[in-house]
Amino acid sequence: MIRFVVMGKYSSDSIAGLMYNPQDRKKSTEKFLRKAEGKWDEGTSFVHINHPDYDFIGIILAKDEDTAKATADVIRATGNYEHFNFFKAWLPEEYSKISKNASELIGTFSSTTDNKKD
């Protein structure tokens, strides 16, 4: 499964809904994620934060990038968020492999400014 970070800012209507009907949004989204063959990552994978641009951050596991994009589109389409973003994330051991692959490419890329004449 692929790991994604999700970040969102509730709309004012959504905040009002949470005040009038307090609820655990992580639990309320579990059925939705299961239907998409995804899930919240273990542990504290969903937290509310005090940030000017985002109200929550979470980590989900999805079967592929297309499915993650589809779930994000469904969430955006509700209109309950001013901002909603998702992006792929790697564990340190996964990123070490990426860095190793990058090290093997050093010196093979030609920049547009490499042949610039002064």
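Here are some friendly notes on the predicted model shown above.

1. **Ground rules.** This is a predicted model in which local features need pLDDT of at least 70 and side-chain atom pairs count only at pLDDT 80 or more, while totals for chains, interfaces and linings use all residues. Residues are numbered from 1 along each chain as its sequence is written, and side-chain values use heavy atoms, with hydrogens and water left out.

2. **Overall layout.** The chain has four helices and five strands, where helices (H or I, at least four residues) and strands (E, at least two) are DSSP runs numbered from the N terminus. Along the sequence they follow the pattern β-α-α-β-β-β-α-β-α. Contact here means heavy atoms within 4.5 Å. Of the contacts with a separation of 6 or more, 66% are between residues 24 or more positions apart.

3. **Dimensions.** The radius of gyration of the chain is 19 Å, whereas a compact globule of 118 residues would have one near 13 Å. That radius is taken over C-alpha atoms, and the globule rule is 2.2 Å times the number of residues to the power 0.38. Taken along the principal axes, the C-alpha atoms fill a box of roughly 65 × 35 × 25 Å.

4. Accessible areas come from the Shrake-Rupley method with a 1.4 Å probe; for residues, only the protein chains shown count as cover. Buried means under 20% relative accessible area, exposed over 50%, and partly exposed in between (1.4 Å probe, protein chains only). By that rule, 29% of the 118 residues count as buried.

5. **The core.** The largest nonpolar core has 14 residues, and those with the most contacts inside it are Tyr10, Trp40, Phe56, Ile60 and Phe84. Strand 1 (2-10), strand 4 (56-62), helix 3 (65-77) and strand 5 (81-88) each give two or more residues to this core. A nonpolar core is a set of buried Ala, Val, Leu, Ile, Met, Phe, Trp, Tyr and Cys residues joined through side-chain atoms within 4.5 Å.

6. **Tyr10 and Arg25.** Leaving aside neighbours within four places in sequence, the contacts of Tyr10 include Ile15, Leu18, Arg25, Phe46 and Phe56. Arg25 is found in helix 2 (residues 25-35) and counts as partly exposed because its relative accessibility is 23%.

7. **Salt bridges across the chain.** The structure holds eight salt bridges, each being a side-chain nitrogen of Lys or Arg within 4 Å of a carboxyl oxygen of Asp or Glu. In one of them, the side chains of Asp41 and Arg3 meet at 3.6 Å, N to O. This pair links distant parts of the chain, 38 residues apart: Asp41 is in the loop between strand 2 (39-40) and strand 3 (46-48), and Arg3 is in strand 1. Arg3 counts as buried, because its relative accessibility is 15%. Arg3, Asp41 and Glu94 are linked in a network of salt bridges.

8. **Two further pairs.** Arg76 and Asp73 meet in a salt bridge at 3.4 Å, N to O. They are three residues apart in helix 3, so about one helical turn separates them. Arg76 is partly exposed at 36% relative accessible area, and Asp73 is partly exposed at 35%. Glu104 forms a salt bridge with Lys100, with the closest N and O atoms 2.7 Å apart.

9. Ile15, Met19 and Tyr20 make a nonpolar surface patch of about 400 Å². Patches are made of residues with over 30% relative accessible area and no salt bridge: like charges are joined within 9 Å, nonpolar side chains (Val, Leu, Ile, Met, Phe, Trp, Tyr) within 5 Å. Met19 lies in helix 1 (residues 12-20) and counts as exposed at 61% relative accessibility.

10. Most residues other than glycine have a negative phi. Glu37 has a positive phi of about 60° although it is not a glycine, and its place is in the loop between helix 2 and strand 2. His83 is in strand 5 and, not counting residues up to four places away in sequence, touches Met7, Gly8, Lys9, Asp53 and Tyr54. His83 and Asp53 are 30 residues apart in sequence and 7.7 Å apart in space, C-alpha to C-alpha.
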